[in-house]
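Q: I would like to learn how to read a protein model feature by feature, beginning with the pairing of strands. Could you take me through the general idea each time, and then the case at hand?

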Amino acid sequence: MNHGFVAALAEAGHTAESLADRIGVHPKTVARWANPGHVPQSRHRATVAELLARDADALWPDAFRRREPVWFRPWVDLEREALTLRSFELTWVPGLLQTEAYARATLAGGVLTPDAVDEFAGARISRQSILDREGDGPLLIAVLDEGVLRRRVGDDRALMAAQLTHLLGYVETDTVQLQIVPADAPSYPGLDGPFTIADLPDGSRVAHVDSAAQAQILDQTSELVSLERRWERIRGEALPRGRSLDLLREAAASWT
């Protein structure tokens, strides 16, 4: 529980319902702001802080203590604002859909110290709060190569079973749509690497091309057109939603 936000709400004489009415959101959205990692969108944040007579970083100190790598922060800020996220992944489950154990396993075993693994895994999990925002969260459309479901991450098969079960829980909601490119698909444009395209509230689009070294944020028309074409060609190789879910269920069962 974010006790600072709860206390400020009471001191200002507001309830979740009254604050929601002033801001124009659902009361359940305000209630979620009392949970760690749940922060209002930037267009509401200043208004909330003003109504509660607090600085935003005092209301949500954990969320404003940036834990993701510095080079990745510009994309995280764009991700929070997005209306739609279209993500293709060749190697991993998308970060927004990972369990904490899976996130840690993807980070461990490399050059990161244990403390850094803790920080980066925590940052990855905190990003997922955008999918819980009722009414104003983004729609995540994810296309995964089947290899993501079949490749073991970590030493414990139960980790993969839990991750794919977690993924099933998301894709059976309206928040996430999933398609799988089957293993028997011929060579296709997705083999060039993962990327995400974000549609923003002002009608613009930006993209993130995955890199372990820096955030490659693309906003030039020619670059975005090229990625849009890749996206459509990748989806053309993917199974329809129903068959993708069947494949995901079969893969989850295979790890138990």
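Q: Which residue stands opposite Thr196 in S5, and how should I read such a pairing?

A: In general, strands of a sheet pair through backbone hydrogen bonds, either parallel or antiparallel. Here, Thr196 stands opposite His208 of S5, and the two strands concerned, S4 (residues 195-199) and S5 (residues 205-209), pair in the antiparallel sense over five bridges. Strands are DSSP runs of E with at least two residues, helices are runs of H or I with at least four residues, and both are numbered from the N terminus; two strands count as paired if DSSP finds at least two bridges between them. This is a predicted model, in which local features need pLDDT of at least 70 and side-chain atom pairs count only at pLDDT 80 or more, while totals for chains, interfaces and linings use all residues. Residues are numbered from 1 along each chain as its sequence is written, and side-chain values use heavy atoms, with hydrogens and water left out.

Q: In what order do the six strands lie in the sheet?

A: The sheet is open, with the order S3-S2-S1-S4-S5-S6 and mixed pairing. Its edge strands, each pairing on one side only, are S3 (176-181) and S6 (216-218), and the twist from one strand to the next averages 15°. Axes are lines fitted to C-alpha atoms, for helices over the stretch in contact, and angles run from 0 to 180 degrees between N-to-C directions. Helix H7 (residues 73-81) lies across S1 (84-89), S4, S5 and S6, and runs at about 135° to S5, contact here meaning heavy atoms within 4.5 Å.

Q: How is S1 paired with S2 and with S4?

A: S1 runs parallel to S2, to which six bridges join it, and Thr84 stands opposite Leu139 in S2. With S4, S1 pairs in the antiparallel sense over five bridges, and the bridge partner of Ser87 in S4 is Thr196.

Q: Are the residues on the two faces of S1 buried or exposed?

A: Burial is read from relative accessible area: buried means under 20%, exposed over 50%, and partly exposed in between, with a 1.4 Å probe and protein chains only. Six of the six residues of S1 are buried; Thr84, Arg86 and Phe88 cover one side, and Leu85, Ser87 and Glu89, likewise buried, the other.

Q: Where do charged side chains pair in this model, and what separates Asp199 from Arg86 in sequence?

A: Side chains of opposite charge can pair when their charged atoms come close. A salt bridge is a side-chain nitrogen of Lys or Arg within 4 Å of a carboxyl oxygen of Asp or Glu, and the structure holds 13 of them. In one, the closest N and O atoms of Asp199 and Arg86 are 3.8 Å apart; because Asp199 lies in S4 and Arg86 in S1, the pair ties together parts that are 113 residues apart in sequence. Asp199 is buried at 14% relative accessible area, and Arg86 is buried at 8%. A network of salt bridges links Arg86, Asp199, Arg205 and Glu228.

Q: How far apart in helix H7 are Arg80 and Asp77?

A: Arg80 and Asp77 meet in a salt bridge (3.3 Å, N to O), and because they are three residues apart in H7, about one helical turn separates them. Arg80 is partly exposed at 26% relative accessibility, and Asp77 is partly exposed at 35%.

Q: Which residues touch the most other members of the largest nonpolar core?

A: A nonpolar core is a set of buried Ala, Val, Leu, Ile, Met, Phe, Trp, Tyr and Cys residues joined through side-chain atoms within 4.5 Å. The largest here has 38 residues, of which Leu149, Leu164 and Leu167 touch the most other members. The elements giving two or more residues to this core include S2 (139-145), helix H11 (157-171) and helix H13 (241-254), and H11 supplies the largest share, eight residues. Leaving aside its neighbours within four places in sequence, Leu167 is in contact with Leu97, Leu144, Leu149, Leu178 and Leu248. A second, separate core of 19 residues includes Leu9, Ala20, Val25 and Val48.
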